Amino acid sequence: MTDAAPTPRLLIIGLDCMAPDLVFDQWRSDLPHLSRLMDQGSYGRLESSIPAITVPAWSCMMSGRDPGELGIYGFRNRRDRGYHTMAISDGRAVKVPRLWDLLGEAGWTVATLSVPGTSPPRPVSGSQVSCFLTPNLDTPFTHPPELGNQIRQWMPAFMLDVPEFRSEDKAQILDNLYALCQQRFSLAEKLLHQDHPDFLMLVDMGVDRIHHAFWKPMDPRHPQHQPQDPYANAIHDYYCQVDQRVGDLLAQCSPETVVLVVSDHGAQPLMGGICLNEWLIQEGYLVLKENPTEPRPLDQVAVDWSRTQAWGAGGYYGRVFLNVQGREPEGIVPMADYDRLRNELASRLEALPDAQGNALSSNAYKPQAIYQRVRGIAPDLLVYFDNLAWRSVGSVGHNTLYTVENDTGPDDANHAPLGLVIYHDPQRPQGGQVLTGAQLYDVVPTLCHRFGITPPPGLRGKVWPV
């Protein structure tokens, strides 16, 4: 293309969960298009939000706000102070402008495809295709609505996510992964040619899904690694496929297009699960009226709230909630004891060993210490077991503090706190400069600075030296 105005001016390719070690080191020579962007521009590891989870990490990245400011602490959040009020946080929970809103206000036309936190879709200065949180294609999934009909014509079997990616049907998962990837990049190319947006952003969720389904056969560090597994190269081959589609998309863009390739967090082998509520029961902080004979979610057993000081939730990280007097419905912890109990729990959880008694590098974070502001119903502690190598198991009835499997379905990988960033501005080539100390909060300040747009006040990120 030789237009005076690049089409698009800015391209962001989001690769959910893409691991920097695999791209920068292990497989760099097999990823020519990503490698070329690295050689021409800047790249580095990108510190994620706490928690390092798709929801809220992409909304943090695209708004420059932390989870406390957004009031989003994970895929599910407490709606109120009730004990079992966890609900999925979709795009309606995001109350602040994101990058495409800022660009639209500056006169840009935008197109966003499958960016987590965009379901239901909102009016934008251009088009928006919602994310994997969309319940089904019978609900509105695009802005404008008629774009949905066009997508159905282009792709009659349009996918919102990889169905049942936590299952043992590995062949079907792999087929669906490739189909999802092809659809996302092909749709980006179609919208680029049809609408000529100034800004185009897509997120491929397939990278995340393939890690959870196929990390075990790839990585000798995994405790259940099987070196002769037929899927040993599945992740490598998918990375190569993504790289090829990145190259295809770049070939449709102007030579002057500014390109950002980014992941919201990384990945690592899942070493096991720590049964958070089992530990709270063992130590007397959580009291059940009757112990289940088989593993069950905490909301399906009778808790004696009159004797319970704390309870937890499972997931990639652990959440601990205190049963505070006057705050929770049957709270018993006096506010005068709140800090003492929270400090005690933080110290003890950070000292938990692994199943063999070896020390773990764990952190129990207090929201008030890591966020600029705390909105909504935040956990009283956010716990990273061994820097997320171990996940938190929230169900009870295991009769052990440790598991080797995820209690919500087969899962080979856990998230890692460092994602990746590759940034190439053809007008300001960096020649392979390594970015250090980059955080996902820096994306909005850096891009606003690059394009002369005044960012909202109070963002916590900085401008990269690019």
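**View 1. Gly-272 faces Trp-390 of strand S16 in this predicted model.** Gly-272 belongs to strand S11 (residues 272-275), which runs parallel to S16 and pairs with it over four bridges. Strands here are DSSP E runs of at least two residues, helices are H or I runs of at least four, both numbered from the N terminus; two strands pair if DSSP finds at least two bridges between them. Residues count from 1 along each chain as its sequence is written, and side-chain values use heavy atoms, without hydrogens or water. Local features need pLDDT of at least 70 and side-chain atom pairs 80 or more, while totals for chains, interfaces and linings take in all residues.

**View 2. Here's the whole open sheet, ordered S16-S11-S17 with mixed pairing.** Strands S16 (390-393) and S17 (402-403) sit at the edges, each pairing on one side only.

**View 3. The largest pocket holds about 1200 Å³.** A pocket is an open set of points on a 1 Å grid over the protein atoms alone, where a 1.4 Å probe fits, with protein on both sides within 12 Å along at least five of seven lines; lining residues have an atom within 4 Å of a point. Volume is the space filled by probe spheres set on the points, which are joined across faces, edges and corners. Among the 41 lining residues, Phe-75, Arg-76, Gly-314, Gly-315 and Thr-408 are closest to the centre. S16 turns up again, as one of the elements giving at least two lining residues.

**View 4. The second largest pocket has about 320 Å³ of space.** Its 18 lining residues include Asp-21 and Trp-215, both among those nearest the centre.
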